[in-house]
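I set out to record what I looked up in this structure, one entry for each topic. The sequence and the model come first, and my notes follow.

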Amino acid sequence: MLSLFYRVVLVLPALVLCLEKNDPCVTPNNEDATCIPLSSCKILQDGVLTLNESIIKFIRESSCGSDGELLVCCGSDATYIQSLEPLQHKLLPNKTQCGIDEQSDRIVGGAVTSIGEFPWMVLLGYIKKSNNESAGYKCGGTLLNQRYVLTAAHCIKVKRITDLKLDNVRLGEWRVSTEEDCTGDNPAVDYCANPVIDVGIEKAIAHSNYNGKNGDNDIGLLRLQRNIVYSEFVVPICLPSFHPPLLTEHTELFAAGWGSTENASTSDIKLKLSLSIVSNQKCKEKISNRGRVGSNQLCVGGVGGKDTCTGDSGGPLMSTFSDRNSRGNQWYQVGVVSWGVGCATNVPAVYTRVARYLNWILDNIDEF
């Protein structure tokens, strides 16, 4: 049976390097690796079984020789993620514009971001319905293009029992408490960010099938009142393609936000952390009867002390892909923060799986 899948991989010709078994090689996403039999490379072998076109293409491009069977340049578990191409559409920025973060290095969990890191992240501001006074920032989101922000449906459809109403979006923020974000205490000599951009919301679109009880279809879009000009501190994030790479258990993903910290207060500065995928089956077992996890959702985390919390809702779960031309990494969005059981409680958090909603997103984005 497996040999049939191997033949599927080789239906179309690939550039096969004349390397020998165990020779060093470089994967299609520029990762240093080793040339070994496909049968010994679990990450690519699992990819064959998915019959995903983009993965099959990547495996063909990984061919490095033959030793009685196909030899492949076998990289790490992140190979599929890094080989992704972003979603291309006339209303979305192309890969020369989206997901570019000149401030970001590889995340190590629980750290403070640098000024300008994750420049697609936004804060959602709320007002009190009773008196129209500011109620602060209660959710996050990501900039998709010059006019639209991606967030969670529950950030739009605020419970009627609360006195809150979604009012505005803030872009280019880092430290909430300061009018100007700088690396030190002297703006005259320190590196400082551009002023934040506060803009009203022209239209809020929550998914029509959003279920507030189980969190299914927890995704939404905000159309801003005016077009946003990109800068070093305001950049759109990439979306995954219609045939995204397979996310396997233990794949490392990344989250960021201004949500509650370990001392239960909202963070003044944008924070970041790394989280690992948990299979939906294991997630269901850990969450038990506290909620459901369906195919539109994914789970990450469950390690004490590392989680996204209240105030991060609507924010992104992210990974990187490698641009083979620039040899640099760019970011794309895997999930939207939806719900969890407390914060950092050894129970995985649940995210809306963005790849399931690409058609919905494109159907609800209008011309600028």
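Entry 1: I began with C299, which counts as buried at 1% relative accessibility. I note that the model I am reading is predicted. I then looked up the partner of C299 and found that C283 and C299 form a disulfide, with sulfur atoms 2.0 Å apart. The pair ties together parts that are 16 residues apart in sequence, since C283 lies in helix α6 and C299 in strand β14 (residues 297-300). I asked which hand this disulfide has. The torsion about the S-S bond of C283 and C299 is about -75°, so the disulfide is left-handed. C283 is buried, with a relative accessible area of 0%.

I stayed with α6, which spans residues 280-287, and found N280, C283 and I287 buried there. These residues cover an arc of only 55° around the axis, which puts them on the same side of α6.

Entry 2: How many disulfides does a search of the whole structure find? The search finds seven. I looked up two more of them.

C25 and C73 form a disulfide with a sulfur-sulfur distance of 2.1 Å. The angle about the S-S bond is 105°, and the link of C25 and C73 is right-handed. This pair links distant parts of the chain, 48 residues apart: C25 is in strand β1 (residues 24-26) and C73 in strand β4 (residues 70-74). C25 and C73 are buried.

C41 and C74 also form a disulfide, their sulfur atoms being 2.1 Å apart. I recorded 85° about the S-S bond, and this link is right-handed. C41 lies in the loop between β2 (32-37) and α2 (42-50) and C74 in strand β4, so the pair ties together parts that are 33 residues apart in sequence. I found both C41 and C74 buried.

**Entry 3: a serine in a loop.** I looked up S62, which lies in the loop between α3 (53-61) and β3 (63-66). Is S62 buried or exposed? S62 has a relative accessible area of 1%, and the limit for a buried residue is under 20%, so S62 is buried. Apart from neighbours within four places in sequence, S62 is in contact with P28, L44, L71, V72 and C73. One of these contacts, C73, is the disulfide partner of C25.

**Entry 4: a threonine in a strand.** T352 has its place in strand β17 (residues 349-353). At 1% relative accessibility, I count T352 as buried. What does the side chain of T352 reach at 2.8 Å? The side chain reaches the backbone oxygen of D218. Not counting residues up to four places away in sequence, T352 touches several residues, including I219, N296, V334 and Y357.

**Entry 5: the nonpolar cores.** The largest nonpolar core has 48 residues. I listed those with the most contacts inside it: L124, L150, V169, L221, L239 and I361. Strand β6 (residues 121-128) gives the largest share of this core, five residues. I followed L239 and, leaving aside neighbours within four places in sequence, found contacts with P86, L87, L92, L144, L150, Y332, V354, L358 and I361. Apart from this core lies another of 16 residues, among them A255, V300, L317 and Y332.

Terms used: Residues are numbered from 1 along each chain as its sequence is written. This is a predicted model: local features need pLDDT of at least 70, side-chain atom pairs count only at pLDDT 80 or more; totals for chains, interfaces and linings use all residues. Side-chain values use heavy atoms; hydrogens and water are left out. Buried means under 20% relative accessible area, exposed over 50%, partly exposed in between (1.4 Å probe, protein chains only). Helices (H or I, at least four residues) and strands (E, at least two) are DSSP runs, numbered from the N terminus. The arc is that of the directions from the helix axis to the C-beta atoms. A nonpolar core is a set of buried Ala, Val, Leu, Ile, Met, Phe, Trp, Tyr and Cys residues joined through side-chain atoms within 4.5 Å. Contact means heavy atoms within 4.5 Å. A polar contact is a pair of N or O atoms within 3.5 Å; within protein, one must be able to donate a hydrogen and the other to accept it, and residues adjacent in sequence count only if both atoms are side-chain atoms. A disulfide is a pair of cysteine sulfur atoms within 2.5 Å.
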